[in-house]
Amino acid sequence: EPLGYDGMRWVDFLGQWDHDNDPQTPQALIAAGRFFGNPSTHVQRIRLWDGSQWSDLGGVFNQPISAIEQWDPDGDGPLAPHLVAGGQFTEIDGSSVNRLAIWDGVTWIPIASDTLAFVTSLTTWDFDGPGPLPASLIVGGSFAAAGEEPATGVMAWNGAQWSQIGDGLNAFVNTVGVIDIDGPGPLGEELVAGGGFTASGAAICRRIARWSGAEWIEVGNGSDWAVKRMT
């Protein structure tokens with residue numbers, strides 16, 4: 001049945017978030033999209049459904065929101081999981097934001113001060129598996145640099161700095177995700193990317209690739225068409 005209405009005009013993205021950091025309560029539904037403004041315009045917002053009502057998370061974004069992700073930057077540490085938004089936006093309520101922002105419970109704050117051209121997708125990935133490092137935020141999109149770090153389609157943010165993943169991918173990345181291909185088997189989860197790319201460095205990777213831990217490898221025989229979404 002409909003989850004209220006509350007001025008929704010168009011929903012671009014749905015996600016979930018442990019907004020109260022309580023494992024005993026369900027996660028909240030997060031909706032990003034276009035909502036009616038005043039008097040008849042629409043504005044880009046993010047809203048939270050707590051099971052009974054909608055509430056705004058912060059103010060108005062000046063451009064669309066393409067992705068929402070829950071990210072815990074300190075793993076088992078004391079910090080609660082953050083909600084991260086990515087997209088085309090460069091301002092939130094008039095304040096400058098570099099297409100990536102974290103909700104701190106009161107307002108949206110930029111991630112670093114680096115400029116990314118276009119963020120299309122977000123996920124989290126733990127590069128050392130059961131090791132001591134917490135998961136990094138993985139950002140897919142269309143960009144050539146993150147700060148002083150070269151970037152081709154996909155980057156990792158560890159909470160302090162950017163790093164390119166291997167040789168990157170040679171064109172835009174539409175979607176990033178994590179998959180466990182053998183379920184309870186001995187293989188761990190893998191980072192997967194899809195988009196319009198055809199190579200990683202000298203290696204052929206036609207539009208869908210997985211990260212082996214050392215390099216990007218084409219999945220199967222790749223795809224003849226750009227990959228837009230993975231589930």
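**View A. Aromatic pairs in the predicted model.** The structure holds seven aromatic pairs (rings of Phe, Tyr and Trp, its six-membered ring, with centres within 6.5 Å; planes under 30 degrees apart are stacked, over 60 edge-to-face, the rest tilted). Phenylalanine 61 and phenylalanine 89 make an edge-to-face pair, at 4.9 Å centre to centre and 80° between the planes. Phenylalanine 61 sits in the loop between strand 4 (54-56) and strand 5, and phenylalanine 89 in the loop between strand 6 and strand 7 (91-92), so the pair ties together parts 28 residues apart in sequence. Strands are DSSP runs of E, at least two residues, numbered from the N terminus. This is a predicted model, in which local features need pLDDT of at least 70 and side-chain atom pairs count only at pLDDT 80 or more, while totals for chains, interfaces and linings use all residues. Residues are numbered from 1 along each chain as its sequence is written, and side-chain values use heavy atoms, with hydrogens and water left out.

**View B. The aromatic cluster.** Phe61, Phe89, Trp103 and Trp108 form one aromatic cluster. Phenylalanine 61 is buried, with a relative accessible area of 2% (buried means under 20%, exposed over 50%, partly exposed in between; 1.4 Å probe, protein chains only). The ring centres of phenylalanine 61 and tryptophan 108 are 5.6 Å apart with planes at 70°, so this pair is edge-to-face. Tryptophan 108 belongs to strand 10 (residues 108-110), 47 residues from phenylalanine 61.

**View C. The largest nonpolar core.** This core has 18 residues, and among those with the most contacts inside it are Ile30, Phe89 and Trp108 (a core is a set of buried Ala, Val, Leu, Ile, Met, Phe, Trp, Tyr and Cys residues joined through side-chain atoms within 4.5 Å). Strands supplying at least two residues each include strand 2 (28-36) and strand 3 (42-49). Strand 2 gives the largest share, three residues.

**View D. The largest pocket.** About 450 Å³ of space lies in this pocket (an open set of points on a 1 Å grid over the protein atoms alone, where a 1.4 Å probe fits, with protein on both sides within 12 Å along at least five of seven lines; lining residues have an atom within 4 Å of a point). The volume is the space filled by probe spheres set on the points, which are joined across faces, edges and corners. Of the 19 lining residues, Thr175, Val176, Gly177, Met230 and Thr231 lie nearest the centre. Strand 17 gives the most to the lining, with five residues.

How values were computed:
Helix = DSSP H or I, 4+ residues; strand = E, 2+ residues; numbered from the N terminus.
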